[in-house]
Amino acid sequence: MMSLILLTIAVLAIVVGLRSQWHITTRAAAVDPEPVMAPSGPVFLFHGDQLIDTTQDAQQMIAPFNLIPERDAMIHVLDPEFPGLAGYLDTTEQKPCRIGHRQYDTMWIEVDWPLGQLRVAVCGALPTEADGAAPVPFATSQQAGELALLRDVLRHTPQLIWRTDGDAKVTWSNQAHADFWAKHDMTHDEMVAQRSAFEAGATNGTRRIAFPTAGKETNQWFDVLSVQQGGSTLHFATDTSIAVRADQDRQNFVQTLGKTFAELSIGLAIFDKQRRLVTFNPALLDMTRLGFEFLSTRPTIDTVLDRLRETRILPEPKDYASWRDQFTAVEAAAKNGTYREMWNLPDGQAFRVTGRPHPNGAFAFLFEDVTADLSLTRRFRSDIETGQAVLDALSDGIAVFTVAGTLVMYNRAYASLWGMVADPGLEHRAATSEIARWHAYCAPTTDWTDLHHFIHQAGPRETWSDDALLADGRMLRCQATPIAGGMTMVRFSLAPRHLPVLRKLTQTDPAIRALKR
């Protein structure tokens with residue numbers, strides 16, 4: 001009985017072992033139906049993402065891509081030729097597999113995971129077209145492709161590249177260098193002289209060289225870098241004409257701007273984001289009397305305002321304790337473009353100071369001397385007030401109308417005569433409404449049509465006059481005189497209130513009251 005049990009256990013073990021062996025063989029056949037061959041090309045061994053071992057040809061393949069991780073460099077080189085490698089490595093399964101070449105069946109890569117490490121080996125070789133020729137290794141084909149790429153890059157690059165030996169003879173050049181010298185009509189001596197200028201001072205550094213262009217006023221500019229390589233020198237020339245002309249235009253613009261600033265009558269002070277003075281013009285020196293020596297030291301805005309206060313260019317503050325706080329407020333308002341103040345100085349001068357923001361946190365102050373303008377404004381206002389006072393002193397009513405029929409000025413006598421509030425200059429009224437008021441205060445028989453036409457008449461005119469009768473019986477003398485600007489001055493003169501001839505008319509008469517209704 002015991003022998004039967006042992007025999008049964010042995011048979012089951014054999015069956016299970018055969019089944020396991022069959023399962024493993026089946027899975028390997030699905031992935032790698034052919035026996036594993038010794039690699040004939042590059043081999044990479046990674047621990048995680050770190051390359052821990054590689055063959056020399058594999059190292060040469062990824063050497064040009066040293067700016068990216070080594071595993072990514074391997075994928076970048078192999079995946080275009082062996083599609084599916086990148087997708088396989090993105091999976092988490094660590095199963096051996098074989099990935100064929102995109103075109104040739106004679107080449108593939110073996111991927112396996114010995115001891116949990118990633119091993120990628122290139123196997124096989126590329127076929128050759130010549131009969132009997134040895135197959136081309138993958139690394140050799142990659143180097144040939146890289147060489148073809150480099151030659152193509154050198155052929156199409158716009159940069160001039162050439163090599164000279166110890167005797168300054170050109171031993172090699174790219175297509176751009178050959179085309180550049182071919183398009184210039186020069187004698188041999190001129191070409192040698194120009195090439196010498198390009199190669200002069202051949203050191204490991206960059207220098208800028210001007211190349212004269214025939215028939216043009218401007219030169220062609222190059223930045224030339226020379227690199228020593230043993231007994232020869234490699235030269236790289238980059239056309240920087242556009243950059244040089246842009247820099248020259250910028251310098252010309254700065255000079256023009258500087259001349260413009262120098263001729264401005266407005267003082268200009270520009271502070272950078274560190275709050276230091278970086279630009280000012282001569283007008284600022286004349287207006288503030290700060291001195292070139294002081295401003296050239298690039299003082300901060302606090303120092304400038306302090307010095308302005310010492311020289312009595314700033315208005316004296318009422319509260320000196322808050323003076324420093326005002327500095328911050330002035331700076332913040334200037335950066336926001338909202339600072340605009342009138343500085344009335346103790347000596348009678350007046351500055352209009354405006355703050356303006358500039359890029360990168362800078363800000364500027366503009367100082368404008370408005371002393372003459374304020375004096376003229378004050379004088380003009382004084383003349384107006386004097387003229388109004390003279391008009392108000394007259395006993396006759398005076399009203400001035402524009403050619404459009406707008407009342408622009410009148411005196412107190414005019415306001416009192418027609419029952420108005422004496423506030424001249426507060427509002428402008430039309431002649432039509434004024435004539436309606438006159439009609440209401442006069443007898444119904446008074447006709448103002450001629451005066452209305454006279455006010456709106458353009459061109460030369462003669463003085464117009466007529467009499468009107470007020471409702472209270474007083475006689476009113478009306479005189480219209482043309483004045484400057486096409487305007488008309490109307491003058492109303494009253495007769496004595498109780499003339500014997502008009503006494504009858506001043507009495508209350510029911511007929512007159514009926515007509516006024």
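Mentor: Start with a term: two strands pair if DSSP finds at least two bridges between them. With that in hand, Ala269 stands opposite Phe280 in β12. Keep in mind that this is a predicted model.

Trainee: Which strand does β12 pair with there, and over how many bridges?
Mentor: β12 pairs with strand β11, residues 267-271, in the antiparallel sense over three bridges.

Trainee: And what sheet are they part of?
Mentor: An open sheet of five strands, in the order β12-β11-β15-β14-β13, with antiparallel pairing. The edges are taken by β12 (277-280) and β13 (340-344); each has a single partner strand, so one side of each is left without a neighbour in the sheet.

Trainee: By how many degrees are neighbouring strands turned against each other?
Mentor: On average by 20 degrees, with direction ignored.

Trainee: Let me back up. How many helices and strands are in the protein?
Mentor: The protein has 18 helices and 21 strands. There are 517 residues, and 32% of them are buried.

Trainee: What about the surface?
Mentor: The accessible surface comes to about 32,000 Å², and 57% of it belongs to carbon and sulfur atoms.

Trainee: And contacts along the chain, what share joins residues at least 24 apart?
Mentor: Take the contacts between residues at least 6 apart in sequence: 38% of those join residues at least 24 apart.

Trainee: New topic. I clicked on His101. Where is it?
Mentor: His101 is in the loop between β3 (97-100) and β4 (107-112). Those two strands are joined by a hairpin through six residues. β3 and β4 pair in the antiparallel sense over four bridges, and Arg98 stands opposite Glu110 in β4.

Trainee: Is His101 buried or exposed?
Mentor: Buried, because its relative accessibility is 11% and the cut-off for buried is under 20%.

Trainee: What does His101 touch?
Mentor: Leaving out residues up to four places away in sequence, His101 touches Glu81, Phe82, Met107, Trp108 and Leu126. With Glu81 there is also a polar contact of 3.0 Å, side chain to side chain.

Trainee: Which other strand is joined to β17?
Mentor: Strand β18, residues 429-430, is joined to β17 by two bridges, and the two run antiparallel. In that pairing, Leu407 has Arg429 in β18 as its bridge partner.

Trainee: Switching to charges. How many salt bridges does the whole structure have?
Mentor: A search of the whole structure finds 14. One of them is between the side chains of Asp302 and Arg275, at 2.9 Å from N to O. Asp302 lies in helix α11 (residues 301-310) and Arg275 in the loop between β11 and β12, so the pair ties together parts that are 27 residues apart in sequence.

Trainee: How accessible are Asp302 and Arg275?
Mentor: Asp302 is partly exposed, with a relative accessible area of 21%. Arg275 is partly exposed too, at 24%.

Trainee: Which residue does Glu310 meet in a salt bridge?
Mentor: Arg307; the side chains meet at 3.7 Å, N to O. Glu310 and Arg307 are three residues apart in helix α11, so about one helical turn separates them. Glu310 counts as exposed at 59% relative accessibility, whereas Arg307 is partly exposed at 30%.

Trainee: One more. What does Arg477 form a salt bridge with?
Mentor: With Asp467, the closest N and O atoms being 2.8 Å apart. Arg477 is in strand β20 (residues 475-482) and Asp467 in strand β19 (residues 464-469), and the two residues are 10 apart.

Trainee: Are Arg477 and Asp467 buried, exposed or partly exposed?
Mentor: Arg477 is partly exposed, with a relative accessible area of 39%. Asp467 counts as partly exposed as well, at 40% relative accessibility.

Notes. Residues numbered from 1 in each chain as written. Predicted model: local features only at pLDDT ≥ 70, side-chain atom pairs only at ≥ 80, totals over all residues. Heavy atoms only, no water. Buried < 20%, exposed > 50% of the residue type's maximum accessible area, 1.4 Å probe, protein only. Contact = heavy atoms within 4.5 Å. Areas by Shrake-Rupley, 256 points an atom, 1.4 Å probe, with all protein chains shown as cover. Polar contact = N/O pair within 3.5 Å; in protein donor to acceptor, adjacent residues only side chain to side chain. Axes fitted to C-alpha atoms, helices over the stretch in contact; angles between N-to-C directions. Salt bridge = Lys/Arg side-chain N within 4 Å of Asp/Glu carboxyl O.
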